[in-house]
Amino acid sequence: MTDIWATNWKKRPYWLDATPEYPARQIQPPSSTEVLIIGSGYTGLNAALETARAGRATLVLDAGDIGFGCSTRNGGQIDTSIKPSLLSLSRKYGEAKAMAIRKEGKDALDWIEERIKTEKIECAFDRCGRFHAAHTPKHYDSLAREADALHRNEDIPSRVISKHEQRDELGTDFYHGGLVFPLHASVDPARYHHGLLSAVRRAGADVLGNCAVISIARDGKDFIAETALGNIRARDVIVATNGYTGRITPWLRRRVIPIGRYIIATEPLPAPLMDQLFPKNRIISDTRKVVYYFRPSPDRTRILFGGRVSADETDAGISGPRLHDDMCLIFPELKSCKITHSWAVTVAYSFDELPHTGIHDGIYYAMGYCGKGISLSSYLGMRIGQKLLGLKEGSTAFDDVNYPTRPFYTGNPWFLPPIVAWYRWRDRMRPRRKSPDLRAS
């Protein structure tokens with residue numbers, strides 16, 4: 001087997017190569033604050049921007065380096081975010097509520113574009129569009145029906161691409177056609193996070209890394225947060241930990257399912273090859289239950305390829321070759337290319353596949369983005385900040401949606417390996433009938 005590792009390959013995100021180092025702020029935290037936010041990712045920073053600009057003394061803490069989690073390690077793909085379909089949500093909540101929930105995803109995509117423009121964040125945001133590829137003919141049929149329903153019921157634009165037309169969108173014959181969503185977007189996630197951090201600090205908030213919160217307790221109307229660097233009294237607390245939610249908030253921990261995803265970056269590739277494989281610069285996802293997602297880097301020199309490669313969690317040194325193998329099934333031209341970066345990220349799923357935001361025991365929270373978190377985490381972080389301030393704009397369609405858990409679940413997803421193994425096996429069962437040539441009208 002050819003060695004797929006580049007010389008001096010890195011077990012860290014490709015994005016961090018070009019992102020400025022975060023200014024060190026290893027100072028003693030204040031003994032009190034008005035707003036304490038736990039988690040320095042997109043949710044926490046967007047909440048902090050609202051509270052700090054409203055004049056509230058705001059402190060953001062992270063157990064690790066600032067932005068260590070998913071906010072600087074994701075694939076940089078942004079879509080309309082809500083996983084359950086309108087039909088499935090309507091069966092559960094009624095059509096009006098379902099429409100409101102689905103609309104939050106559309107609003108989040110539009111809002112993040114405006115946030116980036118308003119804050120003047122240079123992060124390669126691009127409405128490049130998504131090609132959602134069908135991995136079987138049956139899934140292509142389903143996508144063609146879905147396109148009509150999305151347009152008719154939700155005014156979401158999409159275009160059916162047959163297998164015959166596929167190479168105009170993606171340089172492979174591996175898939176059986178798919179849908180193009182022209183409004184979906186890409187971003188450099190680390191540069192976006194860095195821009196948010198700069199804006200939050202300009203607004204007057206303190207953001208401190210490597211300061212773990214050990215416990216949170218009520219003390220009258222306030223909270224006392226015990227940290228590695230001393231106790232902090234806070235009037236209000238926001239928990240924005242998503243896939244890294246831990247023991248300090250057991251009620252929330254019982255409601256998020258942490259799932260590892262893995263990503264590689266290839267070495268720089270010739271421009272003609274990139275043009276052949278990604279003729280329209282789309283971001284890509286597919287219809288497998290254990291989904292693969294990939295895209296060109298913002299400068300179109302590399303491919304970033306991500307997915308779940310094993311039933312159990314694994315090391316980036318093990319996931320890298322497996323992702324390379326899967327990438328080469330789609331693009332045989334890449335068999336000799338090498339990997340320069342391989343890394344892991346933890347996302348948080350909910351049992352109902354919806355994000356959730358609200359207040360529990362006086363603590364504000366937003367989390368459970370189900371792998372769709374760039375726009376949703378940013379948008380709901382902003383909304384939870386507004387909610388804390390008592391603003392009516394802080395209300396969302398998720399506010400009165402029950403946040404489910406399961407009996408005996410405490411935050412350790414012991415059930416994931418057999419489920420992932422089953423889905424991976426099912427994804428490999430590819431029907432061999434010919435794809436129909438459905439085209440967009």
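Helix axes here are lines fitted to C-alpha atoms over the stretch in contact, and angles run from 0 to 180 degrees between N-to-C directions. Keep that in mind for the first stop.

The model is predicted, so local features need pLDDT of at least 70 and side-chain atom pairs count only at pLDDT 80 or more, while totals for chains, interfaces and linings use all residues. Residues are numbered from 1 along each chain as its sequence is written, and side-chain values use heavy atoms, with hydrogens and water left out.

**Stop 1: two crossing helices**

Select helix α3 (residues 95-118) and helix α4 (residues 137-154). Helices are DSSP runs of H or I with at least four residues, strands are runs of E with at least two, and both are numbered from the N terminus. The axes of α3 and α4 come within 12 Å and cross at roughly 100°. Therefore α3 is roughly perpendicular to α4 (65 to 115 degrees counts as roughly perpendicular). Now show side chains. Met 99, Arg 102 and Lys 106 in α3 meet Leu 150, Asn 153 and Glu 154 in α4. Contact means heavy atoms within 4.5 Å. By class, this contact of α3 with α4 has two nonpolar, one polar and three charged residues. Asp, Glu, Lys and Arg count as charged; Ala, Val, Leu, Ile, Met, Phe, Trp, Tyr, Cys and Pro as nonpolar; the others, Gly among them, as polar.

**Stop 2: a covered strand**

Move to strand β5 (residues 130-133). Are its faces buried or exposed? Arg 130 and His 132 on one side are buried, and so are Phe 131 and Ala 133 on the other. Buried means under 20% relative accessible area, exposed over 50%, and partly exposed in between, with a 1.4 Å probe and protein chains only.

Two strands pair if DSSP finds at least two bridges between them. Four bridges join β5 to the antiparallel strand β7 (residues 178-181). Look for His 132 opposite Leu 179 in β7. With strand β14 (residues 283-286), β5 pairs in the parallel sense, over four bridges. There, Ala 133 stands opposite Asp 286.

**Stop 3: the cores**

A nonpolar core is a set of buried Ala, Val, Leu, Ile, Met, Phe, Trp, Tyr and Cys residues joined through side-chain atoms within 4.5 Å. The largest one has 48 residues. Which of them touch the most other members? Select Ile 101, Tyr 192 and Ile 238. Elements that each supply at least two residues of this core include α1 (42-53), α3 and α5 (189-202). Zoom in on Tyr 192. Among the residues that Tyr 192 touches are Tyr 42, Ile 112, Cys 123 and Ile 374. Another core, of 30 residues, lies apart from the largest one; Phe 174, Val 180, Leu 273 and Ile 330 are among its members.

**Stop 4: single residues**

Go to His 324 in helix α8 (residues 316-330). His 324 is buried, with a relative accessible area of 3%. Its contacts include Ile 4, Ile 264 and Cys 337.

Next, pick Val 160 in strand β6 (residues 159-161). Val 160 is buried at 9%. From C-alpha to C-alpha, Val 160 and Thr 51 are 43 Å apart.

Finish in two loops. Asn 242 lies between β12 (230-239) and α6 (250-253). Its phi is near 45°, a positive value in a residue other than glycine. Asn 242 counts as buried, at 14% relative accessibility. Asp 361 sits in the loop between β18 (356-360) and β19 (363-367). Phi of Asp 361 is near 50°, also positive. Asp 361 is exposed, at 58%.

Technical notes:
Parallel < 35°, antiparallel > 145°, perpendicular 65-115°, else oblique. Lists of a residue's contacts leave out its neighbours within four places in sequence.
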